[in-house]
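Okay, thanks for making time, everyone. Let me put the structure up and walk you through a few spots.

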Amino acid sequence: MHGTEGGAGCCYTELGRAEELSEAEVVRLSLPEDQKISITTITVGLSTVLTCSIRGALRPPIIWKRNGIILNFLDLEDINDFGEDDSLYITKVTTIHMGNYTCHAYGYEELYQTHILQVNVPPVIRVYPETQAQEPGVSASLKCHAEGIPNPRITWLKNGIDIMPKLSKQLTLLANGSELHISSVRYEDTGAYTCIAKNEVGVDEDISSLFIEDSARKTLANILWREEGLSVGNMFYVFSDDGITVLQPNECEIQRHIRPEERIFTSYSLDVDPLPTKLHYDKSHDQVWVLSWGDMQKSSPTLQVVPEASAGEDQHVIRTPFEGVDDFFIPPTNLIINHVRFGFIFNKSKSAVHKIDLETVTHIKTINFKNHNCVPQTMAYTHLGGYFFVQCRRNRSVAASPQLIIDSVTDAVIGPNSDVSGTPYISPDGRYLVSADEDSGRIKVQTLTVQGEIKLIYDLQTNIHVSDLTFQPSFTEGNQYYIYATSHLQTDVLFVELSTGKMNVLKNLKDPITSKDWPWSNYNRIVKDSGLFGQYLITPAKDSLFVINGRQNTLRCEVSGIRRGNTVVWVGEV
């Protein structure tokens, strides 16, 4: 039973028994109209307090929710209640905390206040290359990748002086300043070029040095530049039936071919369990995770860890206590998120994922999907709002189930991702979720806003039954991406510009490896990018490799005579 109180809010009676209560016992609650939605903006790393503006006589205790999950009774290390005024305290705010929080008085959910928490992040940048040497007359590019919230603005200095007044046909800025291009270098272009990225909450800068010199003058800078370009870095390592092929994509040149019988490492080798099928390097803890099947029937799968993987000596293997592992997921790092604490394990045919501590290799908790009738197949993660997206294994007799969303703040399933199904892929900066339904060919693109909302921006119908998908940073717009998607069945590769939804197709890249000939995963035709600053992508056919120029959206070359080269690692400087 309720009414209005002075037009400013609502008056509620306890359990609707106003007629039985004296006036003194009536619970009267109010919330000013202009406070129904409150926006708080905080810088990452600081602490914040959200205060509930619901007031009234005999007000019951305040209940706080995030994504529909009550926070008051959860033991969360970073969200504490709830002082005498029932405020919500968040210590050391990170980007996972952004999003909506609501408060209401216990027993009176009809009257609630929404708090929108926005998290700002100071810029973090990388430049490439750190040093380069060029001959007069050739072109040179200096690149600067910046991430932050809000998007940083990029400016350049040469030897400490702003280059803006010097911009010309010869000296241009591309992609909102992310690339400084000099079309025909001269001796006077030698210098230290400083990239500065700035937003409302901070600034970051780094230097890219350019030396212009005659080829005959073998200066130290020249030698370093040449050696870096031709060393182990900036190469695709392709693992195939024929061994390991080291490919330099710019020239489409095979730098080295290591036959299967050759020993690669002479210093040490590691004995892992039979039939290792998945390796993952956890950079945060310098360890390699190894999933082994035991046999082709996956009858005795094991998960092992190689600690201190980059140490190169006294290597050993730790057997984890987890049994029946079908797959595992470790969230990626990026410029903003450089440390990951937790991973997830899937058990075969079980409607749950198991959260594990990556440092101690121990089980933390089990997140159950039984109420959603979901056996997890793949996962993806964005730090913007801290959401995990779970693809459910498809039952061929029914339509594909929508993805489930896990909120990493509460480790709770907060429901389906609208009607979006298919394999989830997250852009490197966490801003885009691309979901590819391999059966229907539908690709849905969602954006993660700075307020922690998930919004659909494109629903694309294609005839590509997607095998794999990757992101390529845009060469014309800052903080934007293209996607490239390969097909399970067809010879085409799909290209989508995420800023516009515009699609294109690279045709006739030969037949992919058949699913029957690739039992190790669902990705029978992968596509691999070349890192933060690379412009080349690689995808295998049955008996060859195709290199794609992502800058021009064209086929660069085909490298023949490589069978089932469907495992590729990019080794780059960034």
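Let's start with Asp-204, which lies in strand β20, residues 202-212; strands here are DSSP runs of E, at least two residues long, numbered from the N terminus. Before I go on: this is a predicted model, so local features need pLDDT of at least 70 and side-chain atom pairs count only at pLDDT 80 or more, while totals for chains, interfaces and linings use all residues. Residues are numbered from 1 along each chain as its sequence is written, and side-chain values use heavy atoms, with hydrogens and water left out.

Back to Asp-204. Is the residue buried, exposed or partly exposed? Partly exposed, with a relative accessible area of 24%. For the cut-offs, buried is under 20% relative accessible area, exposed is over 50%, and partly exposed is in between, using a 1.4 Å probe and protein chains only. The Asp-204 side chain reaches the backbone nitrogen of Ile-125 at 3.0 Å. Leaving out residues up to four places away in sequence, Asp-204 touches Pro-123, Val-124, Ile-125, Cys-195, Ile-196 and Ala-197, where contact means heavy atoms within 4.5 Å.

Cys-195 is joined to Cys-144, S to S 2.0 Å. The torsion about that S-S bond is about -75°, so the Cys-144 to Cys-195 disulfide is left-handed. Cys-144 sits in strand β14 (residues 140-149) and Cys-195 in strand β19 (residues 191-199), so the pair ties together parts 51 residues apart in sequence. Both Cys-144 and Cys-195 are buried.

Now compare Cys-52 and Cys-103, with sulfur atoms 2.2 Å apart. Here the torsion is about 85°, so this disulfide is right-handed. And if you number the bonded cysteines of the chain in sequence order, the pairing reads 1-2, 3-4, 5-8, 6-7.

One more disulfide: Cys-374 and Cys-392, sulfurs 2.1 Å apart. The torsion is about -105°, so Cys-374 and Cys-392 make a left-handed one. Cys-374 is in the loop between β31 (362-368) and β32 (376-382), and Cys-392 is in strand β33, 18 residues apart.

On to the rings. Searching the whole structure gives 11 aromatic pairs: rings of Phe, Tyr and Trp (its six-membered ring) whose centres lie within 6.5 Å, with planes under 30 degrees apart called stacked, over 60 edge-to-face, and the rest tilted. Trp-289 and Phe-328 are a tilted pair, 6.4 Å centre to centre with 35° between the planes. Trp-289 is in strand β25 (residues 287-292) and Phe-328 in strand β28 (residues 325-329), so this pair ties together parts 39 residues apart in sequence. Both Trp-289 and Phe-328 are buried.

Phe-329 pairs edge-to-face with Phe-388, at 6.3 Å and 85°. Phe-388 is in strand β33 (residues 387-392) and Phe-329 in strand β28, so that pair ties together parts 59 residues apart in sequence. Ring pairs link Phe-329, Phe-344, Tyr-381 and Phe-388 into a cluster.

Last stop, Asp-429, in the loop between β36 (423-426) and β37 (432-436). This one counts as buried because its relative accessibility is 6%. Not counting residues up to four places away in sequence, Asp-429 touches Glu-147, Asn-334, His-383, Leu-384 and Tyr-481.

Conventions: Helix = DSSP H or I, 4+ residues; strand = E, 2+ residues; numbered from the N terminus. Polar contact = N/O pair within 3.5 Å; in protein donor to acceptor, adjacent residues only side chain to side chain. Disulfide = S-S within 2.5 Å.
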